[in-house]
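Me: Could you take me through the helix packing, the aromatic pairs and a few individual loop residues in the model shown here? I would like the cut-offs spelled out as we go.

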Amino acid sequence: MRIIVSPAKKMNVVDSGVDWLDLPPFVEQAEELARAVRALSYDEAKDLWKCSDALAELNFERYRTMNLHDAGRLSPAALAYEGIQYQHLAPSVMSEWELAWLQEHLRILSGLYGVLRPLDGVVPYRLEMQAKLAVGGARDLYAYWGSRIFDALRAESGTIVNLASVEYAKAVAPFARKDAGARFVTCLFGEVGAGGKLRQRATAAKAARGSMVRWCAERGIERVEDLAAFDALGHRFAPSLSSPDTLVFATNA
């Protein structure tokens with residue numbers, strides 16, 4: 001089983017007791033994408049990132065000085081990303097056993113790096129999967145990565161548990177659904193509203209995703225079926241709203 005999650009927009013260089021272990025598997029592709037971003041003017045890069053001047057200036061300088069192989073500037077991916085999901089995942093306070101589970105089972109999707117193991121060494125960057133960056137004959141990042149991310153996941157496991165946002169899941173789901181031997185299961189988090197429909201709130205869903213990954217690491221979860229016992233942040237499994245390919249967890253289930 002492999003669990004996929006989205007990255008966070010905010011990143012930092014991390015100096016902690018957890019060391020990075022390896023370079024990302026697609027580091028050469030990341031280099032190609034970084035060169036394409038560096039070739040942009042400031043205005044083109046800001047338009048690509050769709051962010052404020054302050055963030056554009058920060059990331060323009062990051063790309064200008066970026067070295068994806070400089071061991072002294074790399075941080076473990078799961079700790080480098082900041083944001084609600086990663087706060088609830090809290091890898092910095094995990095035990096060695098829990099970190100080992102995380103390294104084996106969790107994969108972080110990335111516009112720049114494609115797919116990351118939690119302890120792969122990364123640098124801070126900004127490049128969302130939906131960015132319209134034309135490179136290598138591809139019109140955007142979805143086309144650039146093609147099936148490579150799914151193929152890498154599939155080589156590790158036939159079961160993918162999707163905790164990623166729609167933007168990032170889109171880089172995997174179409175290929176998973178065409179593979180008769182793969183199982184692709186999406187987990188949704190929210191509250192049941194009028195008419196029995198699930199209402200999802202972005203902030204709460206991010207917190208729940210991070211909490212589910214941590215919950216799995218603490219218990220050494222190995223099977224999709226065991227996810228139904230998840231009960232953090234008030235969420236409970238809602239069997240009436242679920243299907244074999246979609247597991248729904250609601251705060252008022």
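**Helix packing, ring pairs and loop residues**

Reply: The axes of helix H2 (residues 42–49) and helix H3 (residues 53–64) come within 10 Å of each other and cross at roughly 115 degrees. Axes here are lines fitted to C-alpha atoms, for helices over the stretch in contact, with angles running from 0 to 180 degrees between N-to-C directions, while helices (H or I, at least four residues) and strands (E, at least two) are DSSP runs numbered from the N terminus. This is a predicted model, in which local features need pLDDT of at least 70 and side-chain atom pairs count only at pLDDT 80 or more, whereas totals for chains, interfaces and linings use all residues. Residues are numbered from 1 along each chain as its sequence is written, and side-chain values use heavy atoms, with hydrogens and water left out.

Me: Roughly parallel or roughly perpendicular: how are H2 and H3 placed to each other?
Reply: Angles under 35 degrees count as roughly parallel, over 145 as roughly antiparallel, 65 to 115 as roughly perpendicular and the rest as oblique. The axes of H2 and H3 cross at roughly 115 degrees, and the two helices are therefore roughly perpendicular.

Me: Which residues make the contact of H2 with H3, and how do they divide into nonpolar, polar and charged?
Reply: Taking contact to mean heavy atoms within 4.5 Å, H2 contributes Tyr42, Ala45, Lys46 and Trp49, and H3 contributes Asp53, Ala56, Glu57, Asn59, Phe60 and Tyr63. Ala, Val, Leu, Ile, Met, Phe, Trp, Tyr, Cys and Pro count as nonpolar, Asp, Glu, Lys and Arg as charged, and the others, Gly among them, as polar. On that basis the residues of this contact divide into 6 nonpolar, 1 polar and 3 charged.

Me: Which elements do the buried residues of H6 pack against?
Reply: Buried means under 20% relative accessible area, exposed over 50%, and partly exposed in between, with a 1.4 Å probe and protein chains only. In H6, the buried residues are Glu98, Leu99, Trp101, Leu102, Gln103 and His105. The axes of helix H6 (residues 96–105) and H11 come within 8 Å and cross at roughly 115 degrees. The buried residues of H6 pack against strand S1 (2–5), helix H5 (84–89), S3 and H11.

Me: Why is the pair of Tyr113 and Tyr125 classed as it is?
Reply: Rings of Phe, Tyr and Trp (its six-membered ring) pair if their centres lie within 6.5 Å, and planes under 30 degrees apart count as stacked, over 60 as edge-to-face and the rest as tilted; by this rule the count comes to 12 aromatic pairs. The rings of Tyr113 and Tyr125 have their centres 5.6 Å apart and their planes at 75 degrees, so this pair is edge-to-face.

Me: How many residues apart in sequence are the parts that the pair of Phe230 and Phe249 ties together?
Reply: Phe230 and Phe249 form an edge-to-face aromatic pair, 5.7 Å centre to centre and with 85 degrees between the planes. Phe230 lies in the loop between helix H11 (202–219) and strand S9 (236–237) and Phe249 in strand S10 (residues 246–250), so the pair ties together parts that are 19 residues apart in sequence.

Me: Which residues do ring pairs link into a cluster?
Reply: Two of its members are buried, Phe230 at 1% relative accessibility and Phe249 at 0%. Ring pairs link into this cluster Phe189, Trp215, Phe230, Phe237 and Phe249.

Me: What distance separates the C-alpha atoms of Leu163 and Ile4?
Reply: Leu163 is found in the loop between strand S6 (159–162) and helix H9 (166–169), and is buried, with a relative accessible area of 1%. Its contacts, leaving aside residues up to four places away in sequence, include Ile3, Ile4, Val5 and Phe189. Leu163 and Ile4 are 159 residues apart along the chain, and their C-alpha atoms are separated by 5.7 Å.

Me: Is Lys50 buried or exposed, and what is its phi?
Reply: Lys50 sits in the loop between H2 and H3 and is exposed, with a relative accessible area of 67%. Most residues other than glycine have a negative phi. Lys50 is not a glycine, yet its phi is positive, at about 50 degrees.
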